[in-house]
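Hello,

Here is the structure for your files. Please open it alongside this message; my notes follow below.

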Amino acid sequence: MVITIARKEFAEIMRDGRFRWTAALMVLLLLTSILAGWQRFAAYTAVQSTAQGESNSQWLKQGDKNPHSAAHYGNYAFKPLGPLAFFDSGITSYAGTTVFMEAHKQNFAIGRPASDTSAVARFGELNGAMILQVLLPLLIIFLGFTAFAGEREDGTLRQVLSMGVSRTSLLWGKATGLAAAVLLVVVPCLVAGGIFLAATGLQTVGGGVTLRVALLAVAYLLYAGIFLFLTLAVSAWARTARTALMIMVGFWAFTAFIMPKAATEISRVEYPVPAFGTFMAEMKAHQTRGIDGVSPYAKLGRYQAELFRKYQVSRVEDLPVYWTALRMQKLEEIDQPVFDLHYGQVRDLYLAQQRLQDRLGILAPTLPLRSVSMGLAGTSLIEHNKFTTDAEDFRHNMVFKMNDYLSKAAVDLNGVNDATNYMVANEEVFAIVPPYRYEPPALAATMAVQAGNFGILGAWLIAAVALAWQATRRMSMERS
Amino acid sequence: MQRLIISHETRMIARGGAWWTILALLVVTLGFAAWTGARSVERQLKGAADAAAYEDGARARMRADTEAYAAKVAATGGTYEFAMVRHGPGQGPPQGTNAGAVGAETAVFAALPPTGLAAFAIGQSDVQLNYLPVSMGTTLDTMKKLEVENPLNLQTGPLDIAFVVIFLLPIFILAMTYDLLSSEKERGTLAMIMAHPISLRELLASKVAARAMILLGVVTVFGLLALLGAGTGLDHPETWLRFAGWLAVTVLYSIFWFALAVLVNVYGRSSATNGTVLAGAWLVLVVVIPTLVSLLATTIYPAPSRMDLIVAAREAQTANEKSMQQTLERFYSEHMDYVPVGDQRAMDFLTLSQANAASIEKALLPLYERFREQTARQEELVQRFQFASPAIMTQLALNEISGTSTGRYQDFLEQVSRFRVEWNAYFAERFLKREPLRPGDYDTFPQFRYQPESARAAWLRVLPSVLGLLLAALALFSLPMLALRRFQVAAR
């Protein structure tokens, strides 16, 4: 019986003008966005890998100079994208693409592609994920809102039920028919997407591209299922088809447009991030003041006194170690906890905001889906945070290696322990710092973060099915 | 008769439950948007004030050092000298006497002041930094400063009043009007009404008027409340002028949606079909076309990558460092007045970084030009394609009215870049001549004063959007009036 109902539902949708129009629009947009996303990904990746290669070689070929000057010259970290970024570009346009790693300073990521676009870009980016998150539910609503309400208005619902068809098989039959129609639109586009994905060469990303695609498919199926059963529930429950449509379109606008923005603002109120000027002023003041209230100069003085005691000398010139280099490294170590505290606070606030927004997913299923999608595509905040913390580790190591080399090499250079002992290093020395390379987080790490979001999506689906089941059991056959 | 229908419709609307739900949702979001908009402007102002206070404090300390030094010199009768740059305190002239140190190590924050209506449309102001540090560095150094903001939030975009107007107001209007005639027809009441002495056109006009009055009331009252709560400079006539502009654009945009609903109703399908068509139209006009236009702009005129810019800057820097001596000599040969007397090899840090910055700036000029060109072309394309969607026209108009438009920001950037030249000239000249800075000089430092754009420039930018909205609304209204002749009153 379920099959028969499904077949009837499917045939009816196929013959409907609504289907032809919405399906054509969906396919057109999906293909356009996949093509555009792929092109953007290819362009980004080409620029990124060239830039990283050039920056790494610029580090080596910066010309013979003092190792500490080399640390000032620094290196750049350019964020690579995984191949799935063409499907879901996530926060790529709004997060920095580049971190400058230099002596004495921790830096924020710079180079947001969004700052070079017109104001119209704020309407959103057209990509595969956006279409599936925003338009797919609408397609389902358009095709499904008349499922029960329409039949009731036509008087056929009474006929069908009087023939002894159970309400449960009616629900499952309609769900299957509707799902078949939706898949007919989506699957060809996904195949096209798969071909493009293969064309990216499947390199980089934290491994497991196939598994990532499979998990993405599961997440989007859960999401589509939620809208499918909710639409059927409302169609069974509402008195007229137009009420059903109004309720579902309202819910769709709420979950796809209002809630993401509302969640953003709520998370901002709950976890306010300081403005750039405030951040900068507070951090620099803290740096001058010292993390424990002791100024860096006082600390350097103590450190010097300690060295004097240790080596039984009273002048810098008599130290058997190269004071200039030790002083640089000491300053670095004094500043590091202040940087880590302030930059770490900002990163933690971002994460706390993200977690709160995910939790608000109990009100709108688009929120957890968005996180899962970006996470699996490797374009989420988690990846961005890892990129910036990795860059900081690299910077720390780079500066340490240069200062360390200087402190050892300069002493042996000519035995003159003062500023005129200007040690010059070459490419061979700079090579002790390994070239910068970014390792994206592994799939397991991503999944550990996203498990909660999968849970919320699953709960939504169960609730939607239960609602649809209840609504069909109680639905009235009469036109009101 | 018309008055009767209007009052009847108003009462009917007041009794509908779904209505109140949507109205409540609209009003709550509007209030929330006003509140968050005000918060965002406050945060921006605090950031600008904190940054300026920090830098001013640093400069004040340098000045205090020079005052102490000047007093010491006056007491002991020595000469007031110029400090070679050192980091950290010690004996001798303080760093505050060195124009190069003051000009490079302290910055002036050039700020773009928000307008009284800034909280109404955040626009691009969360992506840009509205207060930029100007010191003796390069343009790249300034451009590297970004607002500290969660990229996830930037990507989602703010929930501001412009969003409520552009996205939610049409939903509200469509929910009121999607079954304007179709519901009466389905209930069979339309034929009955038509038996009375009233034309279909009058009936339609009365129904729309009743709804428009409600909407207009809501928009004006809550817009005014938003202004009182979130607006700044309420005692300034300019703020009220901007608010009038906001109201005009919002009303024009609403009229467009009313007209569209009337048009769809006049073509006489069922309420459910009308609802689907209107929801689809909303989707296409508010979501699909704007994102397509944005895609078109960035695909046809992609901005060059910032990553390329950074690599190019590095190349210029490296090439420069490798030929430090030549660079320095070239610099001095171009600026003969600055060759220090008796200081043949003035290879100090600041002179070099000065020369470095100059050559990086020179190397990057063509690249900046390319960024500027491409973004200008993108903007031009968006300006042309805005007529494809009332949502784009409204967004552009509201950004302009709130002072958060790309045009106003570009004008600000040009002022900043002129100020940079002024700042550099002031400090570089004194530094290269090894002219010691005296306490009194601190009063003559260049100051950034934002010059508001002429009202004409802003009006010229906003005009196409407003005219476009007006024309679209008029065209949509005249179409149904023509189609009404063939309208079937009875359901069958």
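A residue counts as buried when its relative accessible area is under 20%. A:Glu332 has 2% relative accessibility, so this residue is buried. Please keep in mind that the model is predicted.

A:Glu332 in chain A

A:Glu332 sits in helix α12 of chain A, which runs over residues 323–359. Neighbours within four places in sequence aside, A:Glu332 touches A:Ala103, A:His104, A:Arg395 and A:Val399.

Chain B on its own

Chain B holds 17 helices and two strands. Its C-alpha trace spans about 105 × 45 × 35 Å along the principal axes. The radius of gyration of chain B is 31 Å, whereas a compact globule of 492 residues would come out near 23 Å. Of those 492 residues, 54% count as buried. Now the contacts in chain B with a separation of 6 or more: 82% of them join residues 24 or more positions apart.

Where the chains meet

Chain A puts 93 residues into the contact, and chain B puts in 94. Together the two chains bury about 7,900 Å². Carbon and sulfur atoms carry 67% of that area.

What about polar links across the interface? There are 32 residue pairs in polar contact between chain B and chain A, counting pairs with both residues at pLDDT 80 or more. On the side of chain B that touches chain A, these helices each supply at least two residues:

- α2 (17–76), α5 (151–156) and α6 (161–177)
- α7 (182–187), α11 (271–300) and α12 (306–322)
- α14 (349–385) and α15 (390–402)

Helix α11(B) gives the largest share of that side, 19 residues. By residue class, the side of chain B that touches chain A divides into 45 nonpolar, 29 polar and 20 charged residues.

How many salt bridges does the rule find across the interface of chain B and chain A? It finds four. One pair to look up is A:Arg122 with B:Asp126. Their side chains meet in a salt bridge, at 2.8 Å from N to O.

Then go to the salt bridge between A:Arg122 and B:Asp126. Finish on α11(B), with its 19 residues on the side of chain B that touches chain A.

Best wishes

Note on methods. Residues are numbered from 1 along each chain as its sequence is written. Chains are lettered from A and ligands numbered from 1 in the order in which they are written. This is a predicted model: local features need pLDDT of at least 70, side-chain atom pairs count only at pLDDT 80 or more; totals for chains, interfaces and linings use all residues. Side-chain values use heavy atoms; hydrogens and water are left out. Helices (H or I, at least four residues) and strands (E, at least two) are DSSP runs, numbered from the N terminus. Buried means under 20% relative accessible area, exposed over 50%, partly exposed in between (1.4 Å probe, protein chains only). Contact means heavy atoms within 4.5 Å. Buried area is the accessible area (1.4 Å probe) that two parts lose on being put together, summed over both. A polar contact is a pair of N or O atoms within 3.5 Å; within protein, one must be able to donate a hydrogen and the other to accept it, and residues adjacent in sequence count only if both atoms are side-chain atoms. Ala, Val, Leu, Ile, Met, Phe, Trp, Tyr, Cys and Pro count as nonpolar, Asp, Glu, Lys and Arg as charged, and the others, Gly among them, as polar. The radius of gyration is taken over C-alpha atoms; the globule rule is 2.2 Å times the number of residues to the power 0.38.
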